[in-house]
Amino acid sequence: MNEPTGAAVDAATSIFNLPDYRVISATVLADGRRQIIVETDQPPGCPSCGVVATRRKERRFQRIRDIPVAGAVEVLWSKYRWHCEERACPRLSFFESTAQVPRRARSTSRLRDHVVDAVITSGRPVSETGPSQMSMVRAG
Ligand SMILES: [Zn+2]
């Protein structure tokens with residue numbers, strides 16, 4: 001999705017810097033929390049046949065856990081179900097997924113990497129690093 005001029009992505013997307021996503025909304029909620037809404041930046045391939053989808057079906061908002069970006073942020077993924085238009089493919093539709101948020105994941109890969117790094121850097125066994133960080137990973 002490159003512009004002919006090679007224009008850079010918008011500022012919010014650039015700062016948020018989640019691969020394969022662009023920021024479509026960045027809002028400060030009434031209680032002060034920051035909410036980021038993202039969507040994928042390219043149409044996905046069908047997980048069965050690999051044909052790139054061109055037609056969206058419905059969407060839903062999926063909350064995903066992510067690393068803090070200049071503080072805590074609530075991240076919602078505007079996630080689409082796509083039609084597979086390959087006639088020979090048995091799959092009629094599918095929800096998109098990405099390397100950052102694979103199917104059924106509820107947190108980003110960069111959050112999982114971040115937590116693993118934190119555990120390694122702390123030099124302590126996982127059992128001592130506290131349940132909160134590790135439960136975030138397991139729940140992912
Ligand atoms: Zn297909």
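Select alanine 72. Alanine 72 sits in the loop between strand S3 (55–64) and S4. This is a predicted model. Is alanine 72 buried or exposed? Count its C-beta neighbours: there are 11 inside 10 Å, so alanine 72 counts as exposed. The cut-off for exposed is 12 or fewer. Alanine 72 and arginine 33 are 39 residues apart in sequence, yet their C-alpha atoms are 7.5 Å apart in space.

Step to valine 73, which is found in strand S4. Valine 73 has 15 other C-beta atoms within 10 Å, so it is partly exposed. Which residues does valine 73 touch, leaving out those up to four places away in sequence? They are Arg34, Ile36, Asp66 and Pro68. Valine 28 is 45 residues from valine 73 in sequence and 9.5 Å from it in space, C-alpha to C-alpha.

**Along strand S4**

Select S4 and colour its partners.

- S2 and S4 run parallel and are joined by 5 bridges. On this pairing, look for isoleucine 36, which stands opposite valine 75 in S4.
- S3 and S4 run antiparallel, with 8 bridges between them. Arginine 59 stands opposite tyrosine 80 in S4.
- Strand S5 (residues 93–95) pairs with S4 in the antiparallel sense over 3 bridges. Arginine 81 stands opposite phenylalanine 95 in S5.

While the side chains are on display, recall a general point: in a regular strand they alternate between the two faces of the sheet.

**The cores**

Next, select Phe16, Leu18, Tyr21, Val23, Ile36, Val38, Ile64, Val75, Trp77 and Val101. These 10 residues make up the largest nonpolar core. Strand S1 (21–28), strand S2 (34–40) and strand S4 (73–83) each supply at least two residues of this core. Val75 belongs to this core, and Val75 is also the residue opposite isoleucine 36.

Centre on valine 23. What does valine 23 touch, not counting residues up to four places away in sequence? Its contacts are Ala12, Thr13, Phe16, Ile36 and Val38.

Then switch to the second core. It is separate and has 5 residues, among them Ala53, Trp82, Cys84 and Phe94.

**Helix H2**

Select residues 109–122. This is helix H2, with 14 residues. From first C-alpha to last, helix H2 reaches 20 Å, close to the 20 Å expected at 1.5 Å a residue. Move on to glycine 123, which follows H2.

**The whole chain**

Zoom out. The protein has 3 helices and 5 strands. From the N terminus on, their order is α-β-β-β-β-β-α-α. Of the 140 residues, 16% count as buried. Take the contacts between residues at least 6 apart in sequence: 50% of them join residues at least 24 apart.

**Colour by pLDDT**

The protein averages a pLDDT of 86, and 82% of the residues score at least 70. Where pLDDT is low, predicted coordinates should not be read in detail.

Notes:
Residues are numbered from 1 along each chain as its sequence is written. This is a predicted model: local features need pLDDT of at least 70, side-chain atom pairs count only at pLDDT 80 or more; totals for chains, interfaces and linings use all residues. Helices (H or I, at least four residues) and strands (E, at least two) are DSSP runs, numbered from the N terminus. A residue is buried if 20 or more other C-beta atoms lie within 10 Å of its own, exposed if 12 or fewer, and partly exposed in between; C-beta atoms are placed from the backbone. Two residues are in contact if their C-beta atoms, placed from the backbone, lie within 7 Å. A nonpolar core is a set of buried Ala, Val, Leu, Ile, Met, Phe, Trp, Tyr and Cys residues joined through C-beta atoms within 7 Å. The expected span of a helix is 1.5 Å times one less than its number of residues. Two strands pair if DSSP finds at least two bridges between them. pLDDT is the predictor's confidence in each residue, from 0 to 100.
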